[in-house]
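Please look over the sequence and the model before reading the points below.

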Amino acid sequence: MQSLNLDRSRLYNYRELPETTYNLAIGGLLLYGFVVNALICFFFQDFAYYVSGSGLLVFLVAYIVCVVLSVVLSSSPNALVNFIGYNLLVLPIGLLLSLSVTGLSMQTIQSALLGTGVFVVLMIAASYVRPDFFLSMGSTLGISLIVTVIAELVLLLLGFATGWIDYLVVAIFSLYLGFDWARANSCAPTARNAVLSATQIYLDIINIFVRLLSIISRRRD
């Protein structure tokens, strides 16, 4: 997901937006994604029962197809097509979140939301203060994430506990959040770049939330 490229020179036939409008567009797209996710979690509460039955394979295949299509659409020079690709992530992730929150108390969910909000505010503020620091971390973060994912898979296959990896993933995606926000503000402020930036930041925030949800729910078990 982090391989989505932001164009820094070409405007893709779109005029540049004022900086404030550009940042508001990113924020609006993020808010849109989270509202859609919340509505899916609320109205698709029975989805977990379907998946836990005979629908798991269907869901996984559909999820992978949506992710692949989203990546393909992100390469389009048309911001509207990029937005369609964004929705192809938001919708299945909303269903995935409906699975994640099933059986959890509202207090646990609220704590994870609060913690995620704190990380978002802190990392965006830090990226404003030290954008060069975050922009220099791209390769390091990419390698760290790949190593972490592989390590988690190996530990799961070997039957070892992997709870501690949740903390590591939260740290990595928090830094990715700062990186993606700094990168968003170093690119040409076009509608296309706003959509691509929102997509990347959305994925950072979702990963932080899901891992915090895991950490908090485990502590309260």
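A residue is called buried when its relative accessible area is under 20%, exposed when it is over 50%, and partly exposed in between. Phe42 has a relative accessible area of 52%, so Phe42 counts as exposed. The model is predicted. The points below go from the surface patch to the aromatic pairs, the salt bridges and the helix packing.

**Aromatic pairs**

- The whole structure holds 11 aromatic pairs.
- One of them joins Phe83 and Tyr86, with ring centres 6.4 Å apart and planes at 40 degrees, and this pair is classed as tilted.
- Both of these residues, Phe83 and Tyr86, sit in helix α3 (residues 79-100), where three residues, about one turn of the helix, separate them.
- Tyr86 has a relative accessibility of 0% and is therefore buried, whereas Phe83, at 25%, is partly exposed.
- The rings of Tyr128 and Trp181 make an edge-to-face pair, because their planes stand at 70 degrees, with centres 6.2 Å apart.
- This pair links distant parts of the chain: Tyr128 lies in helix α4 (residues 106-129) and Trp181 in helix α7 (residues 163-184), 53 residues apart.
- Trp181 is buried at 8% relative accessibility, while Tyr128 is partly exposed at 47%.
- Phe83 and Tyr86 also belong to one aromatic cluster with Tyr32, Phe34 and Tyr202.

**Salt bridges**

- Side chains of opposite charge can pair when their charged atoms come close.
- The count of salt bridges in the model is four.
- One of them joins Arg211 and Glu152, with an N to O distance of 3.0 Å.
- Arg211 lies in helix α8 (residues 191-219) and Glu152 in helix α6 (residues 138-158), so this bridge links distant parts of the chain, 59 residues apart.
- Both partners fall under the 20% cut-off: Arg211 is buried at 17%, and Glu152 is buried at 13%.
- Arg211 also forms a salt bridge with Asp166, and the closest N and O atoms are 2.7 Å apart.
- Because Arg211 is in helix α8 and Asp166 in helix α7, the pair ties together parts that are 45 residues apart in sequence.
- Asp166 is buried, with a relative accessible area of 5%.
- Asp166 meets Arg218 in a salt bridge as well, at 3.0 Å from N to O.
- Arg218 belongs to helix α8 and Asp166 to helix α7, so this pair ties together parts 52 residues apart in sequence.
- Arg218 has a relative accessible area of 35% and is therefore partly exposed.
- Glu152, Asp166, Arg211 and Arg218 are linked in a network of salt bridges.

**Helix α7 and its surroundings**

- How many residues does α7 have, and how far does it reach from its first C-alpha to its last? Helix α7 has 22 residues and reaches 32 Å, close to the 32 Å expected at 1.5 Å a residue.
- Of the 22 residues of α7, 17 are buried, so the helix is largely enclosed by the rest of the structure.

- Ile124 is part of helix α4.
- The relative accessibility of Ile124 is 18%, so this residue counts as buried.
- Ile124 and Leu175 are 51 residues apart in sequence, and their C-alpha atoms are 9.7 Å apart in space.

Methods: Residues numbered from 1 in each chain as written. Predicted model: local features only at pLDDT ≥ 70, side-chain atom pairs only at ≥ 80, totals over all residues. Heavy atoms only, no water. Buried < 20%, exposed > 50% of the residue type's maximum accessible area, 1.4 Å probe, protein only. Phe/Tyr/Trp six-rings, centres within 6.5 Å; stacked < 30°, edge-to-face > 60°. Helix = DSSP H or I, 4+ residues; strand = E, 2+ residues; numbered from the N terminus. Salt bridge = Lys/Arg side-chain N within 4 Å of Asp/Glu carboxyl O. Expected span 1.5 Å × (residues − 1).
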